[in-house]
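Biologist: Can you take me through this model? I'd like to start with the core and then move on to the rings.

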Amino acid sequence: MSAVENPEWGMGENSAYYSFYPLFHNSGRYALYFAAAHRSRVVLRRTFSVENYWSDVRHYRCTHTLLLSPMMSFLLSKEPRPDDRDHTLRSVIGGPMGALLQKFIGLLKPTSGEATVAGLD
């Protein structure tokens, strides 16, 4: 079973995969693969934006995403806000595994429900 087909991700017709990676790169194509496999929405941003990341996730009700270590680092370096954990993300593919991903997990858990995090080594 591929990651795209993994039922633990909880993707379905009410899901939205958020991506800011270029579509010519495999990281960008994941959004299309996941959405097509699960008949869900795709939210594409032209480039990564620290300032707009969480507001995009909230506004478009994004539930799934892929974050590599540099993006996690940028998001964690931003001054914390009271609404940082007020979001709809349920699962994140992140990598590579390490202390940074472990630190980011605390930020990803929504205020209600569970979040799924998978690490890429």
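**Core and rings**

Modeller: The largest nonpolar core has 21 residues, and Y18, F20, Y53, V57 and L67 have the most contacts inside it. A nonpolar core here is a set of buried Ala, Val, Leu, Ile, Met, Phe, Trp, Tyr and Cys residues joined through side-chain atoms within 4.5 Å. Buried means under 20% relative accessible area, exposed over 50%, and partly exposed in between, with a 1.4 Å probe and protein chains only.

Biologist: Which elements give two or more residues to this core?

Modeller: They are β1, α1, α2, β3 (64-68), α3 (69-77) and β4 (91-95). Helices (H or I, at least four residues) and strands (E, at least two) are DSSP runs, numbered from the N terminus.

Biologist: What are the ground rules for the model?

Modeller: This is a predicted model: local features need pLDDT of at least 70, side-chain atom pairs count only at pLDDT 80 or more, and totals for chains, interfaces and linings use all residues. Residues are numbered from 1 along each chain as its sequence is written, and side-chain values use heavy atoms, with hydrogens and water left out.

Biologist: What pLDDT does the protein average?

Modeller: The average is 79, and 71% of the residues score at least 70. pLDDT is the predictor's confidence in each residue, from 0 to 100. Where pLDDT is low, the predicted coordinates should not be read in detail.

Biologist: On to rings. How many aromatic pairs does the structure hold?

Modeller: There are 10 aromatic pairs. Rings of Phe, Tyr and Trp (its six-membered ring) pair if their centres lie within 6.5 Å; planes under 30 degrees apart count as stacked, over 60 as edge-to-face and the rest as tilted. Y17 and F34 make a stacked pair, 5.3 Å centre to centre with 20° between the planes.

Biologist: Which parts does that pair tie together?

Modeller: Y17 is in strand β1 (residues 16-19) and F34 in helix α1 (residues 26-38), so the pair links parts 17 residues apart in sequence. Y17 is buried at 1% relative accessible area. F34 is buried too, at 1%.

Biologist: And F48 with Y53, how far apart are the centres?

Modeller: The centres are 6.2 Å apart and the planes at 50°, so that pair is tilted. F48 is partly exposed at 21%, whereas Y53 is buried at 0%.

Biologist: What else does Y53 touch?

Modeller: Leaving out residues up to four places away in sequence, Y53 touches Y18, F20, F48, T65, L67, L75 and L89. Contact means heavy atoms within 4.5 Å.

Biologist: Back to α1. Which residues are buried there?

Modeller: S27, G28, A31, F34, A35 and H38 are buried. They cover an arc of only 130° around the axis, which puts them on the same side of α1. The arc is that of the directions from the helix axis to the C-beta atoms.

Biologist: What comes just after α1?

Modeller: R39, with a positive phi of about 55°. R39 lies in the loop between α1 and β2 (41-44) and is exposed at 65%. R61 also has a positive phi, near 55°. R61 sits in the loop between α2 and β3 and is exposed at 51%.
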